[in-house]
Amino acid sequence: MRNEDLQLEGLTAAARSILEDLARHGPSPDDIARAVRKACAQAPDLPSALVAALVRELEGAARPVMVAACGSGSETLARGRFGSASKIYTVEDSRQALASCRSGGRAVISMDRDPWWARLLAEPKLSVIDDFLGRDALKPVALAVAPVWSEPSGADRTWWATDATETTEDIQTILGKLGLSGREAFRAGGMRLFALDGYVQPHDDRLAQAPGRLSGVIGAVPLIET
């Protein structure tokens, strides 16, 4: 059998497995990530990015959503994340995008000088459910927001915002002493965004001792490649 035929067979098997998992579980980000990982394990010759794209297309076809795209490149990212069957529309302001989430939609918002993500500290029903990393794997170019919180998936990245004024090295040292591993990924308007390794609960007692007067977890992203 040709290699192309083997890949097609693997992709078909992966699609069948994904559809079964999506029918059995809800559309939560952690469920979707587990479906991708399972499909990747069943079709190891297929690139994980291809399997992830297939999952998102199938999920979007099964449960299309309204997605507000805000900022440069956000529309393309939104279509790739939520599937071509979802209704993608552009908005000019991050406040409009977050308002769409309050109404049950989704949003993909690019990172710029406006620390829009800090507003999620006052929006406990909204959270970051996915991130889009650029060439610098430590820095996101956009974040996806939804009116749902991801549960622990076994391999996660948590996003934590703070107005701490200490140096990056000092903050990371303090986090380390608290048993948290993190790195600064973005800063704007006096706010800083850190990526914490693993799943950290929003009410984790350790965060009460972390730097900053205004700080907190704004979401967690299940990782596709574990």
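Trainee: Which residues of the largest nonpolar core touch the most other members?

Mentor: First, a word on what we have. This is a predicted model, where local features need pLDDT of at least 70 and side-chain atom pairs count only at pLDDT 80 or more, while totals for chains, interfaces and linings use all residues. Residues are numbered from 1 along each chain as its sequence is written, and side-chain values use heavy atoms, with hydrogens and water left out.

Mentor: Now the idea. In soluble globular proteins, nonpolar side chains tend to be buried together. A nonpolar core is a set of buried Ala, Val, Leu, Ile, Met, Phe, Trp, Tyr and Cys residues joined through side-chain atoms within 4.5 Å; buried means under 20% relative accessible area, exposed over 50%, and partly exposed in between (1.4 Å probe, protein chains only). Here the largest core has 27 residues, and Trp116, Trp117, Leu120, Leu143, Trp159, Leu193 and Ile218 touch the most other members. E1, H5, E3, E5, strand E6 (156-162), E7, strand E8 (191-197) and strand E9 (215-222) each give two or more residues to this core. A second, separate core of 12 residues includes Trp160, Ala164, Leu175 and Leu196.

Trainee: How many helices and strands does the chain have?

Mentor: Helices (H or I, at least four residues) and strands (E, at least two) are DSSP runs, numbered from the N terminus. This chain has six helices and nine strands. Of its 226 residues, 50% count as buried.

Trainee: With which residues is Trp117 in contact, beyond its neighbours within four places in sequence?

Mentor: Contact means heavy atoms within 4.5 Å. By that rule Trp117 meets Met111, Leu143, Ala161, Phe186, Ala188, Met191, Arg192, Leu193 and Ile218, once neighbours within four places in sequence are set aside. Both Trp117 and Phe186 are buried.

Trainee: How many aromatic pairs are there?

Mentor: Rings of Phe, Tyr and Trp (its six-membered ring) pair if their centres lie within 6.5 Å; planes under 30 degrees apart count as stacked, over 60 as edge-to-face and the rest as tilted. The count is two aromatic pairs. In one of them, Trp117 and Phe186 have ring centres 6.4 Å apart and planes at 90°, so the pair is edge-to-face. This pair links distant parts of the chain, with Trp117 in the loop between E3 and strand E4 (127-133) and Phe186 in strand E7 (residues 182-188), 69 residues apart.

Trainee: Which residues of helix H5 are buried?

Mentor: In H5 (residues 94-102) they are Ser94, Ala97, Leu98, Ser100 and Cys101. They cover an arc of only 150° around the axis (taken from the directions from the helix axis to the C-beta atoms), which puts them on the same side of H5. Their cover includes strand E1 (66-70), strand E2 (87-90), strand E3 (106-110) and strand E5 (140-146). Just after H5, Gly104 has a positive phi of about 105°.

Trainee: And which residues are buried in helix H4?

Mentor: Ser74, Ala78, Arg81 and Phe82 are buried in H4 (residues 74-82). They span an arc of only 75° around the axis, which puts them on the same side of H4. They pack against helix H3 (48-62), E1, E2, E3, E4 and E5. Just after H4, Gly83 takes a positive phi of about 90°.
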